[in-house]
Amino acid sequence: MRKLAFAALPALALMGCSGGEDVTEPEAAGLEAGEWQMAFYVNEVTGENVTEEIRTEIATELDRELAMDPVCISEEQAAAPDAALFIPREVNSECNFTESSAENGTIEMAGTCGEGANDGGTITISGTYEAASMEAVMTATIRDGGEEFSFAAVVSGERSGECSG
């Protein structure tokens, strides 16, 4: 069985236009502190030699390896969110992000993962968040030995209450 590590996160924030009136845009809602339930789901795997069987195996393994535990977001983290709050811990520990921001309701991350030309890859995460929810798309291209494949995954989260413990 292949050793797979890491994953990928969604969307662009949309801004409305006024009908010519001088209207001040409302300030983006802040992130709410508390416990957040997070989900990670691979929805696409592609590659030159990726059969349906391999596609299912890779998606299942990534879903298992990158399953997300609940996240406790403190008041300080809510006031100045870090994009890493919204990704699996394994991705954060195994990847080097050269771009990482979570501000004004938008999450953007990009970087590289793994070691060397034959064991690693690139990753991007793009998404949005509101006070009590978030959704992102993670895309990655991975080299595992001499093989290369890409995948896309959805990362979502919702505030579920106060932090436990």
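Student: How many salt bridges does the structure hold?

Tutor: The general idea is to look for a side-chain nitrogen of Lys or Arg within 4 Å of a carboxyl oxygen of Asp or Glu. By that rule, this structure holds 4 salt bridges. A word on what we are reading: this is a predicted model, in which local features need pLDDT of at least 70 and side-chain atom pairs count only at pLDDT 80 or more, while totals for chains, interfaces and linings use all residues. Residues are numbered from 1 along each chain as its sequence is written, and side-chain values use heavy atoms, with hydrogens and water left out.

Student: Which residue forms a salt bridge with Arg-55?

Tutor: Glu-52 does, and the closest N and O atoms of the two are 3.0 Å apart. Helices here are DSSP runs of H or I with at least four residues, strands are E runs with at least two, and both are numbered from the N terminus. Arg-55 and Glu-52 are about one helical turn from each other because they sit 3 residues apart in helix α1 (residues 52-65).

Student: Are these two partners buried or exposed?

Tutor: We judge that by relative accessible area: under 20% is buried, over 50% is exposed, and partly exposed lies in between (1.4 Å probe, protein chains only). Glu-52 is exposed at 53%, whereas Arg-55 is partly exposed at 25%.

Student: What meets the side chain of Arg-89 in a salt bridge?

Tutor: The side chain of Asp-69 does, at 3.4 Å from N to O. This pair links distant parts of the chain: Arg-89 belongs to helix α3 (residues 89-94), Asp-69 to the loop between α1 and β2 (71-73), and they are 20 residues apart. Arg-89 is exposed, with a relative accessible area of 59%, and Asp-69 is partly exposed, with 48%.

Student: Which residues do salt bridges that share partners join into one network?

Tutor: Start with Glu-162 and Arg-159, whose side chains meet at 2.8 Å, N to O. Shared partners then join Glu-32, Arg-159 and Glu-162 into one network. Glu-162 lies in the segment after β7 and is exposed, with a relative accessible area of 64%. The C-alpha atoms of Glu-162 and Gly-34 are separated by 4.5 Å, although these residues are 128 apart along the chain.

Student: Now the strands. How many bridges join strand β1 to strand β7?

Tutor: For pairing, DSSP has to find at least two bridges between two strands. Here 11 bridges join β1 (residues 34-46) to β7 (residues 147-161), and the two run antiparallel. Trp-36 has Arg-159 as its bridge partner in β7, and Val-42 has Ala-153.

Student: Which residues of α1 are buried?

Tutor: They are Ile-54, Ile-58, Ala-59, Glu-61 and Leu-62. They fall within an arc of 165° seen down the axis of α1, so they line one face of the helix; the arc is taken from the directions from the helix axis to the C-beta atoms. These buried residues pack against β1 and β7, where contact means heavy atoms within 4.5 Å. The face turned away from the buried side carries the exposed Glu-52, Glu-53, Thr-60 and Arg-64.

Student: And how do I place all this in the whole chain?

Tutor: The chain has 3 helices and 7 strands, in the order β-α-β-α-α-β-β-β-β-β from the N terminus. Of its 165 residues, 39% are buried.
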